[in-house]
Amino acid sequence: MPDPPPRRRVAVALGSNLGDRHATLTAAVQRLSRLLDNIRVSSFIETSPEGAGLEGQPLYLNAAVVGDTELAPRQLLNALLQIERAFGRERPFRAAPRTLDLDLILAGNQIVVESGLEVPHPRFRERFFVLGPLAEVAPDLVDPVTGMRVAELLRNLLRDETR
(Lines give C-alpha, C1' and ligand atoms only; values in the text may rest on other atoms or scores of the structure.)
Protein backbone atom coordinates (compact mmCIF):
# COMPACT_ATOMS: atom_id res chain seq x y z
CA MET A 1 0.00 0.00 0.00
CA PRO A 2 1.50 3.38 -0.96
CA ASP A 3 2.25 6.02 1.64
CA PRO A 4 -0.47 8.66 2.05
CA PRO A 5 0.31 12.10 0.63
CA PRO A 6 2.19 14.35 3.06
CA ARG A 7 0.12 16.72 5.19
CA ARG A 8 1.20 20.31 5.14
CA ARG A 9 0.13 23.47 6.95
CA VAL A 10 -1.26 25.96 4.45
CA ALA A 11 -2.21 29.62 4.70
CA VAL A 12 -4.98 31.22 2.67
CA ALA A 13 -5.76 34.95 2.55
CA LEU A 14 -9.39 36.00 2.12
CA GLY A 15 -10.73 39.32 0.89
CA SER A 16 -13.99 40.85 -0.28
CA ASN A 17 -15.02 44.36 -1.26
CA LEU A 18 -18.41 43.78 -2.94
CA GLY A 19 -21.75 42.75 -1.48
CA ASP A 20 -22.17 41.54 2.09
CA ARG A 21 -18.46 41.16 2.79
CA HIS A 22 -18.82 39.69 6.27
CA ALA A 23 -21.35 37.07 5.19
CA THR A 24 -19.20 36.17 2.19
CA LEU A 25 -16.02 35.70 4.25
CA THR A 26 -17.92 33.73 6.89
CA ALA A 27 -19.38 31.40 4.25
CA ALA A 28 -15.99 31.08 2.53
CA VAL A 29 -14.43 30.02 5.85
CA GLN A 30 -17.11 27.32 6.15
CA ARG A 31 -16.21 26.06 2.67
CA LEU A 32 -12.49 26.13 3.52
CA SER A 33 -13.18 24.08 6.65
CA ARG A 34 -14.27 21.25 4.33
CA LEU A 35 -10.85 21.34 2.63
CA LEU A 36 -8.61 21.93 5.65
CA ASP A 37 -8.25 20.22 9.02
CA ASN A 38 -7.30 21.98 12.28
CA ILE A 39 -8.47 25.28 10.81
CA ARG A 40 -7.69 28.58 12.51
CA VAL A 41 -9.36 31.81 11.39
CA SER A 42 -8.12 35.32 12.07
CA SER A 43 -10.22 38.32 12.94
CA PHE A 44 -11.72 40.18 10.00
CA ILE A 45 -10.06 43.54 9.32
CA GLU A 46 -11.16 46.36 7.05
CA THR A 47 -8.53 47.81 4.73
CA SER A 48 -8.29 50.25 1.86
CA PRO A 49 -7.59 48.90 -1.61
CA GLU A 50 -3.86 49.02 -2.39
CA GLY A 51 -2.41 49.96 -5.76
CA ALA A 52 -2.57 52.63 -8.40
CA GLY A 53 -6.02 53.38 -9.78
CA LEU A 54 -7.89 51.64 -6.97
CA GLU A 55 -8.72 54.74 -4.93
CA GLY A 56 -12.45 54.68 -5.81
CA GLN A 57 -13.01 51.03 -4.90
CA PRO A 58 -14.96 50.02 -1.78
CA LEU A 59 -13.06 49.02 1.35
CA TYR A 60 -11.97 45.41 1.72
CA LEU A 61 -12.71 43.01 4.51
CA ASN A 62 -9.71 40.70 4.92
CA ALA A 63 -8.82 37.62 6.96
CA ALA A 64 -6.45 34.67 6.97
CA VAL A 65 -7.05 30.97 7.47
CA VAL A 66 -4.51 28.27 8.25
CA GLY A 67 -5.12 24.56 8.23
CA ASP A 68 -3.68 21.19 7.32
CA THR A 69 -4.24 19.39 4.03
CA GLU A 70 -2.98 16.55 1.89
CA LEU A 71 -3.89 18.46 -1.26
CA ALA A 72 -1.03 19.48 -3.52
CA PRO A 73 -0.74 23.25 -4.07
CA ARG A 74 -2.26 23.04 -7.59
CA GLN A 75 -5.20 20.98 -6.30
CA LEU A 76 -5.77 23.46 -3.48
CA LEU A 77 -5.54 26.44 -5.83
CA ASN A 78 -8.13 24.84 -8.12
CA ALA A 79 -10.43 24.33 -5.14
CA LEU A 80 -9.95 27.98 -4.09
CA LEU A 81 -10.80 29.19 -7.60
CA GLN A 82 -13.92 27.02 -7.58
CA ILE A 83 -15.03 28.58 -4.28
CA GLU A 84 -14.42 32.07 -5.70
CA ARG A 85 -16.59 31.27 -8.74
CA ALA A 86 -19.34 29.89 -6.47
CA PHE A 87 -19.43 33.31 -4.79
CA GLY A 88 -19.73 35.14 -8.11
CA ARG A 89 -16.09 36.14 -8.57
CA GLU A 90 -15.52 37.74 -11.95
CA ARG A 91 -12.25 38.97 -13.42
CA PRO A 92 -13.18 41.67 -15.95
CA PHE A 93 -9.80 43.39 -15.44
CA ARG A 94 -6.74 43.16 -13.19
CA ALA A 95 -7.47 44.33 -9.63
CA ALA A 96 -11.22 44.57 -10.29
CA PRO A 97 -13.46 44.74 -7.21
CA ARG A 98 -14.41 41.26 -6.06
CA THR A 99 -17.05 39.41 -4.15
CA LEU A 100 -14.38 37.00 -2.93
CA ASP A 101 -10.63 36.67 -3.33
CA LEU A 102 -8.82 33.60 -2.01
CA ASP A 103 -5.02 33.55 -2.30
CA LEU A 104 -2.84 30.57 -1.46
CA ILE A 105 -0.07 32.18 0.59
CA LEU A 106 1.98 29.29 1.98
CA ALA A 107 1.93 25.53 1.47
CA GLY A 108 4.19 24.04 4.11
CA ASN A 109 7.81 24.47 3.13
CA GLN A 110 7.06 24.13 -0.56
CA ILE A 111 8.28 26.57 -3.17
CA VAL A 112 6.28 26.29 -6.39
CA VAL A 113 6.65 28.42 -9.52
CA GLU A 114 4.36 27.25 -12.32
CA SER A 115 2.08 28.88 -14.83
CA GLY A 116 -0.71 30.48 -12.78
CA LEU A 117 0.68 29.33 -9.43
CA GLU A 118 3.41 30.78 -7.26
CA VAL A 119 3.82 29.65 -3.66
CA PRO A 120 4.72 31.37 -1.43
CA HIS A 121 2.53 34.12 -2.83
CA PRO A 122 4.99 36.55 -4.46
CA ARG A 123 3.69 39.74 -2.77
CA PHE A 124 2.49 38.55 0.63
CA ARG A 125 5.57 39.93 2.44
CA GLU A 126 4.56 43.49 1.37
CA ARG A 127 0.90 43.32 2.39
CA PHE A 128 -0.32 44.17 5.87
CA PHE A 129 -3.80 42.90 4.97
CA VAL A 130 -2.22 39.43 4.64
CA LEU A 131 0.55 39.50 7.27
CA GLY A 132 -1.53 41.13 10.02
CA PRO A 133 -4.28 38.50 10.06
CA LEU A 134 -1.82 35.68 9.36
CA ALA A 135 0.40 36.70 12.29
CA GLU A 136 -2.66 36.58 14.54
CA VAL A 137 -3.31 32.88 13.86
CA ALA A 138 0.08 31.52 12.78
CA PRO A 139 2.96 33.80 13.83
CA ASP A 140 5.46 30.92 13.70
CA LEU A 141 4.74 29.78 10.13
CA VAL A 142 7.96 30.05 8.14
CA ASP A 143 8.34 31.57 4.70
CA PRO A 144 10.50 28.98 2.90
CA VAL A 145 12.00 31.65 0.62
CA THR A 146 13.36 33.96 3.32
CA GLY A 147 13.44 31.51 6.25
CA MET A 148 11.63 34.13 8.34
CA ARG A 149 8.60 33.58 10.57
CA VAL A 150 5.37 35.41 9.73
CA ALA A 151 5.70 37.49 12.92
CA GLU A 152 9.17 38.64 11.81
CA LEU A 153 7.90 39.51 8.33
CA LEU A 154 5.12 41.59 9.88
CA ARG A 155 7.56 43.41 12.21
CA ASN A 156 9.81 44.21 9.23
CA LEU A 157 6.87 45.47 7.18
CA LEU A 158 5.65 47.72 10.00
CA ARG A 159 9.18 49.00 10.62
CA ASP A 160 9.61 49.81 6.92
CA GLU A 161 6.25 51.65 6.82
CA THR A 162 7.27 53.94 9.68
CA ARG A 163 10.46 55.05 7.97
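A nonpolar core is a set of buried Ala, Val, Leu, Ile, Met, Phe, Trp, Tyr and Cys residues joined through side-chain atoms within 4.5 Å. Buried means under 20% relative accessible area, with a 1.4 Å probe and protein chains only.

**Ground rules.** I am working with a predicted model, where local features need pLDDT of at least 70, side-chain atom pairs count only at pLDDT 80 or more, and totals for chains, interfaces and linings use all residues. I number residues from 1 along each chain as its sequence is written, and side-chain values use heavy atoms, without hydrogens and water.

**Layout.** I looked up four helices and seven strands. Both are DSSP runs numbered from the N terminus: helices are H or I with at least four residues, strands are E with at least two. Along the sequence I read β-α-β-β-β-α-β-β-β-α-α.

**Cores.** I found 21 residues in the largest nonpolar core. Leu14, Leu32, Leu80, Leu102 and Leu104 have the most contacts inside it. Two or more residues each come from β1 (8-16), α1 (21-35), β4 (60-69), α2 (73-86), β5 (101-107) and β7 (117-119). I then noted a second, separate core of 19 residues, with Ala11, Ala64, Phe124 and Phe129 among them.

**One residue.** What does Leu14 touch, beyond four places away in sequence? My list includes Leu25, Leu32, Leu61, Asp101 and Leu102. Contact means heavy atoms within 4.5 Å.

**Whole protein.** I see that buried residues make up 43% of the 163. Of the contacts with a separation of 6 or more, 65% join residues 24 or more positions apart. The C-alpha trace spans about 55 × 40 × 30 Å along its principal axes.

Methods
Buried means under 20% relative accessible area, exposed over 50%, partly exposed in between (1.4 Å probe, protein chains only).
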